[in-house]
Structures are given as C-alpha cells and as structure tokens.
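Try each task before reading its solution.

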Amino acid sequence: MTRAAQLAPTRAQLRRWRRYLADERAEAAVYRDLAQRRTGEEREILLALAEAERRHEQHWVELLGEHAKTVPAVSLRTRILGFFARRFGSIFFLALAQRAEGRSPYETDAHATDAMAADERVHAEVVRGLAARGRNRLAGTFRAAVFGANDGLVSNLALVLGIGATGVAPAVVLFTGLAGLLAGALSMAAGEYVSVRSQRELLDASTPDDASHGALPALDLDANELALVYRARGLDARTADERARAVLQSERPEDASRAHLPAVDEYEEVGSAWRAALSSFAFFASGAAIPVIPYAIGLSGLTAVIWAAVLVGIALVITGTIVGVLSGASPLKRALRQLAIGYGAAAATYLLGLAFGATIS
C-alpha cells in the first residue's frame, strides 16, 4: 500500500509519477544491459536489481492508469547513467548509481510504498558492493593515473607560466614546457615503478613462508610452537593456543595451518609496477602537454597565458569529476578542489616569474 490515500491526482503528481516510471524503465534496461556483459554472481545480482526496478515500474503504471501511456523522456541523471554504462563500462555506471540509489526521492514521496523506499536504500549498498569490485581492480593503476595527470597539469602549467612571465620568447617557453613534460613523465614513471616494487617486496617479506607448513607434523603438541606464530600475528595467548592445538590435532596440520593462519593486512591493491609506471608516464605526459598547446600553435604573451590556464582548468575539472564519481563522493566538490589547488600553485609561480622578470629587466 502507498503511504497516502489515492485521490484524484494533480497535474504535478502525474508529471512526477510519469518521470518516476520513465526512470525506472531506463534503469532496469541499463541493469539488464550490464548483466549481459557479466557472468556468474555479478550477472545474477544485476538481473535481480533489474527485476526490482521492474516492480517499481509496475507500481507507477498501476497508479497512473491510463496516464501511463504518455511517458516523458528520462531524467538527465538517468541519461547520464546510461551513457556511462554504455561508453565506459560498469565501474563508472555503478559509481554514479551508488549515489543515485542513496538519494532516492521515494523516502519522502507519500505515493511510493515503504517497500520501494527500503529497496532503494538496500540497492545503494548492493551497488556499493559491486562498485567496490571494480574499484579494487582499478586501484593498482588509478592512483598512479590520477596523480600523474594532475601533477602533469599543475607542474607544467606552473613551469610554463613562471617562465613565460619573465618575458622570454615564446619559443623558449615552448621548449621549456616540452623539457618539463619529458623530464616529469620519466621521473613519475621511474618513481612509481620503484615505489610499487618496493611496496610489493615489503608485503612479500611479511607473507607466511609456505615451506614452514611442512614442519608442522613434527612439532611437539605440548610445547606448541605454532601458538607463537599466531601470537606474533596479533592473536591473544589463549586464542593462539586453542587455534594451534586444533591445527596440530587435525589429520593434515599443514593444510589446516594454511586455512587458519591470520593474513597480513593489505590496505590497498598494489597492482603491477610496470602498469603503474606506464600509467604515470602516459597520464603525466598527457596532462603536461595541455599547457604547452597555446605556445605550440604560435600564441604568445597574455593570450597564451590565458589559453593555457583555461585549457588546464577544464582538464582539472574533468579529472576532479572522474575522481569524485569513482570514489562515490560529490563530483562537483572534487572538481572545484582540483581547480583551486591547480590554479593556486600556478598563480604563485606566475607571480614569482613576474617578480623575477621585473628584477632582471
């Protein structure tokens, strides 16, 4: 039952219900489309979400009656979700859908049922779980890519504006920017490679040695040295002793030990060192190339400065929006944060260049 008695609907209510109906149909279609590209459990979950959206669709069809024949275009939010799902795969769609499901209007709409409002709340958590799988797959290279692109945009814009503000010839600014692009990209790639390899080596050093499991059948049950391993991994003395005795008393203690040994916490997906290095190089280079474009096409002076700042500003907004979408946070806030940080660093360097240019002139 709905949370409001059904009276003659107003025009505003009819418009709202038809919009709900259109959005439910579109979201169900997107979930089904994504399900066709997935297998196993993910496919089943996406199909279940599509079925839930179909139930919501049916509710609005029944409420609208004959008015359900005229369904408007889907909302801008739903069109954006569908665009990202078709063009960029599930990770972007699920990240956007996570926010959309969590801000469902059914919570405050008296004509939506309690079950529908509860469905949307739970859907947000289901989508969050599916999105987390994609985020984990991206984690190894996403940090390097975002850091590389943002660093390339900001550092090379600051370099180009700082040099350009001294009054040197546009060709000097152009070659300075290109040199900064190459040097920065190589430095980022080398740094990421060493960083990821070092992190992997640290984790490998903390991973239990598989060869040690073969010694377990010969351990003295009374001395129970295995308990010391569990205590070193963070268990208290009593729990460690109980677990060690259970392992040693099992038929195959080496297999039982592998199943019960507490794992070392890994707070992020480390990813491939080469993949991180290549991502950093490519994204730093692509970001660093943008502020050089005005000088490469022959612009100079204040005109080149303005164009470089505008182009980099657009790129910063785009990267900030992508970070916001994938992290489930507000894309607008992340975009404005990226823009403020980038422009702040560039402005400081530009003013320094002006001061330096006035000093040597």
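Some ground rules come before the exercises. This is a predicted model, in which local features need pLDDT of at least 70, side-chain atom pairs count only at pLDDT 80 or more, and totals for chains, interfaces and linings use all residues. Residues are numbered from 1 along each chain as its sequence is written, and side-chain values use heavy atoms, without hydrogens and water.

**Exercise 1.** State how many helices and strands the protein chain has.

Solution. Count DSSP runs: helices are H or I with at least four residues, strands are E with at least two, numbered from the N terminus. The protein chain has 13 helices and zero strands.

**Exercise 2.** Describe how helix H1 and helix H2 pack.

Solution. Take the axes, lines fitted to C-alpha atoms over the stretch in contact, with angles from 0 to 180 degrees between N-to-C directions. The axes of H1 (residues 11-36) and H2 (residues 40-64) come within 8 Å and cross at roughly 160 degrees. H1 is therefore roughly antiparallel to H2 (angles over 145 degrees count as such).

**Exercise 3.** Decide whether Pro291 is buried or exposed, and find its contacts.

Solution. Locate Pro291 first: the loop between helix H10 (273-289) and helix H11 (293-296) holds this residue. Its relative accessibility is 0%, so Pro291 counts as buried (buried is under 20% relative accessible area, exposed over 50%, partly exposed in between, with a 1.4 Å probe and protein chains only). Next, list contacts (heavy atoms within 4.5 Å). Leaving aside neighbours within four places in sequence, Pro291 touches Leu153, Asn156, Leu157, Val160, Ala308 and Val312. Finally, compare Pro291 with Gly177: they are 114 residues apart in sequence and 7.9 Å apart in space, C-alpha to C-alpha.

How values were computed
Angles under 35 degrees count as roughly parallel, over 145 as roughly antiparallel, 65 to 115 as roughly perpendicular and the rest as oblique.
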